Amino acid sequence: MKKKILLFVMLAFQSLAFSQYINYQFYEDFLNKYVSEEGYVDYDAIYENHTDLAKVIKRFETIQVYDGWSKNQKLSHWINVYNVYSMKLIIDNFPINSIKDIAGSFDYRYIPYKEQLISLNYIEKEILSKTLDERIHFAINCASLSCPNINRTPFYGDTIEMQLEVAAKAFINDPTKNAINRKEIKLSKIFDWFAADFLKNNTSIVSYINKYSDTKIKETATISYLEYNWSLNSKMKFESNAFVARK
């Protein structure tokens with residue numbers, strides 16, 4: 001009897017471990033095909049080969065999120081879901097110049113989860129934000145130029161700590177997102193909108209940014225916020241700097 005119980009417990013743990021590991025290679029193949037090294041998306045190519053995205057979405061829909069998953073597994077999975085479904089939203093409404101051209105884009109419920117439909121805002125505010133990891137704001141991509149660039153490598157539970165650190169450093173030191181010098185900083189609106197997240201374990205925004213900035217900022221530096229660019233993070237726009245939606 002004891003052997004049977006022990007076997008059952010071992011199988012249960014093996015099942016849990018298996019359920020926590022998701023191989024996102026199918027998503028990585030898609031990202032490497034349609035996302036540039038700079039992090040811009042070739043929406044035109046995806047639109048013309050829309051079955052590629054449909055296959056990726058279908059695979060994501062087969063992944064069951066378990067309550068017993070680790071925090072890191074949940075975090076990595078939902079970042080991946082947010083990013084791929086932001087691309088789907090664009091393609092479903094293509095051609096457009098901005099995600100803001102879609103009425104109620106962030107609150108539109110089109111993402112299947114537990115026999116209901118949820119929105120991008122639900123993922124960000126009701127799932128990801130509750131992990132209390134402010135670095136999510138450097139990882140989720142809302143299909144806009146001022147958003148963090150999309151990573152060509154999916155997030156994984158066993159590597160997400162390193163991936164989020166890399167994402168934070170990349171975003172903060174990207175001159176297209178922030179303008180930083182010792183005495184004055186012009187920051188992404190992300191630091192304004194989500195200030196409470198960045199201040200929960202830091203005395204100031206400056207002290208937080210100094211953890212990642214290549215240029216160390218004086219604590220007395222003046223802070224202002226850049227206008228957010230909601231233009232589509234399009235590979236075409238990046239290459240030509242003159243993206244205009246086709247009619």
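Modeller: A disulfide is a pair of cysteine sulfur atoms within 2.5 Å. The structure discussed here is a predicted model, in which local features need pLDDT of at least 70 and side-chain atom pairs count only at pLDDT 80 or more, while totals for chains, interfaces and linings use all residues. Residues are numbered from 1 along each chain as its sequence is written, and side-chain values use heavy atoms, with hydrogens and water left out.

Colleague: Which cysteines does a disulfide join in this structure?

Modeller: The structure holds 1 disulfide. Cysteine 142 is joined to cysteine 147, with an S to S distance of 1.9 Å.

Colleague: Are cysteine 142 and cysteine 147 buried or exposed?

Modeller: Buried means under 20% relative accessible area, exposed over 50%, and partly exposed in between, with a 1.4 Å probe and protein chains only. Both cysteine 142 and cysteine 147 are buried.

Colleague: How should I read helix H7, and which of its residues are buried?

Modeller: Helices are DSSP runs (H or I, at least four residues), numbered from the N terminus. The expected span of a helix is 1.5 Å times one less than its number of residues. Helix H7 has 13 residues, 160–172, and should therefore span 18 Å; its end C-alpha atoms are 18 Å apart, which agrees. The buried residues of H7 are Ile160, Gln163, Leu164, Ala167, Ala168, Phe171 and Ile172. They lie on the same side of H7 because they cover an arc of only 150° around the axis. The arc is that of the directions from the helix axis to the C-beta atoms.

Colleague: Which residues line the largest cavity?

Modeller: On a 1 Å grid over the protein atoms alone, a cavity is a set of points where a 1.4 Å probe fits but cannot get out, and lining residues have an atom within 4 Å of a point. Grid points are joined across faces, edges and corners, and a volume is the space filled by probe spheres set on the points. A search of the whole structure finds 1 cavity of 30 Å³ or more. The lining of the largest cavity includes Tyr27, Leu31, Asn80, Asn83 and Phe155. Helix H2 (25–34) and helix H5 (71–92) each supply at least two residues of that lining.

Definitions and conventions. 1 Å grid on protein atoms, 1.4 Å probe; cavity = no way out; pocket = protein on both sides within 12 Å on 5 of 7 lines; lining within 4 Å.
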